Amino acid sequence: MVSSSLICWVLVLIYTSTFLNSNIAYGLTPSSTNDLDCSSCNFFESTSGSCSSFVGETSDDREHVHDQYTTQGKNKSNSVYSCPSSSLLPETTSILSMAKDPAMVNWIKSIRRRIHEYPELAYEEFETSRLIRAELDRIGVRYRFPLAKTGIRASIGTGNPPFVAVRADMDALPIQESVEWQHKSKVAGKMHACGHDAHVAMLLGAAKILKARENHLKGTVILIFQPAEEAGNGAKRMIEDGALENVEAIFAAHVSTELPTSVIGSRSGPLLAGCGFFRAVITGKEGHAANPHHSVDAISAASAAVISLQNLVAREANPMDSQVVSVASFNGGDNLNVIPESAVLGGTFRAFSNTSFYRLRKRIEEVIKGQARVYKCLAEVDFFEGESFYPPTVNDDVMNEHVRNVAVGMLGSKNFRVVPPMMGAEDFSFYSQVIPAAFFFIGVMSEQLGSIHSGHSPYFMIDEEALPIGAAMHAEIAERYLSERYR
């Protein structure tokens, strides 16, 4: 006599075999062994083209803009998958628990490592963007592409107000990686030396969590994957292409080797300095060095300008208002017996307030042109405003308090720190000029792992244990923001 339990097991085996065979027939196997280990994933065919419907969304967010690039290993356009690390977890599971699920952690790490191996510079993030879009397709998240050439704006939620955005930058740096590890950059002279690979992975992790909790969202979360933070003013171009459409607040994170792993750091008000660069060409008249009175000496004019520029901070700035003007380049002629026709000088200036920043810009131009006139020369000054000109990053008081509350509630008060203002710059400042914003740091420092080198170092690396924390922070910040502002 066959027991009822044995009959149940036989039925389960038959159903499982049939289910797996149908998946193979649909071609729904994972595209790469580098992806999340989906031995526990559930593949299914969707008739609607996504995991769930959006109500009240705009037409741009309802359909993908035609992808002009072929997506490697992409599933059928109407096929998506979800894993127990997200949508199959009970609704009572906390966001942090979802982020720390082992399958989720492995998936986020795998995303970061794939991006790290193939770094791409500003506006060249074609493969990085392709990877992001493929993962969004698999999760079932709609998006608009392209913005700012390689950028993406994705949306999760009701499609109705309120709208809140979370941003990650994608570009790498022209640096040769010196860290020897399994996933070292495979592209000579290029490296993710500032952690943007981690930023993308954390935001994709948040996307998976938020999609699984979509019925909890009291509005719409916009995910912004931005190119060209390091050079090219990618944020500015994203805004021009509509990235902030309907958005009323925005948040972003940056990894930091100055904070212990998973510690969150931020502050209200000015956080990062505005950063500008200048290059001046001072033109006089060439002459023989033995007869300087027959020349118009551009070297003397440029030298006087350098001395005067140092006084802009020393004698014009309030000592309590941190500012920097540094001349870092000076080039004249190369003939020791000829006074050259022109001299070129350049450098950087930084300040924490918009008022001080733009005043410095104005005074630099006035000083250089004024000193040139004293020496009967002409001067032209270029501030590279279309490429590398970042205003200060200023955190909105209310938005920064929101970040602090989320961090303390999720990680405890000991894992949140008020950090001092820093002279580094970020093009997130362009977002903060338009809408209320908050920028925060997440620690990745580990002396044991060697995660102690600053960004833009060839030895830069991170402690990947911070990745799920970053994903959870993004998701919790967005979900709680919508809940608190739901009308």
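A residue counts as buried when its relative accessible area is under 20%. That cut-off applies to every close-up below, and the model shown is predicted.

**View 1. Helix H4 is mostly covered.**
H4 spans residues 102–117, 16 residues in total. Of these 16 residues, 13 are buried. From first C-alpha to last, the helix reaches 23 Å. That is close to the 22 Å expected at 1.5 Å a residue.

**View 2. Lysine 109 pairs with glutamate 465.**
The two side chains form a salt bridge, with the closest N and O atoms 2.9 Å apart. Lysine 109 lies in helix H4, whereas glutamate 465 sits in the loop between strand E18 (437–445) and helix H12 (467–485), so the pair ties together parts that are 356 residues apart in sequence. Lysine 109 has a relative accessible area of 14%, so it is buried, being under 20%. Glutamate 465, at 44% relative accessibility, counts as partly exposed.

**View 3. Glutamate 124 pairs with lysine 190.**
Here the closest N and O atoms of the salt bridge are 3.5 Å apart. Glutamate 124 belongs to the loop between H4 and helix H5 (126–139). Lysine 190 belongs to the loop between strand E5 (163–169) and helix H6 (196–212). The bridge therefore ties together parts that are 66 residues apart in sequence. Both ends are partly exposed: glutamate 124 at 36% relative accessibility, lysine 190 at 23%.

**View 4**
An α-helix has 3.6 residues a turn, so residues three or four places apart point the same way. Glutamate 366 is partly exposed, with a relative accessible area of 35%. Arginine 363 is also partly exposed, at 23%. Across the whole structure, a search finds 25 salt bridges.

**View 5. Arginine 144 contacts glutamate 245.**
Arginine 144 is placed in strand E3 (residues 142–147). A polar contact of 3.2 Å joins its side chain to that of glutamate 245. Arginine 144 has a relative accessible area of 9%, so it is buried.

Note on methods: Residues are numbered from 1 along each chain as its sequence is written. This is a predicted model: local features need pLDDT of at least 70, side-chain atom pairs count only at pLDDT 80 or more; totals for chains, interfaces and linings use all residues. Side-chain values use heavy atoms; hydrogens and water are left out. Helices (H or I, at least four residues) and strands (E, at least two) are DSSP runs, numbered from the N terminus. The expected span of a helix is 1.5 Å times one less than its number of residues. Buried means under 20% relative accessible area, exposed over 50%, partly exposed in between (1.4 Å probe, protein chains only). A polar contact is a pair of N or O atoms within 3.5 Å; within protein, one must be able to donate a hydrogen and the other to accept it, and residues adjacent in sequence count only if both atoms are side-chain atoms. A salt bridge is a side-chain nitrogen of Lys or Arg within 4 Å of a carboxyl oxygen of Asp or Glu.
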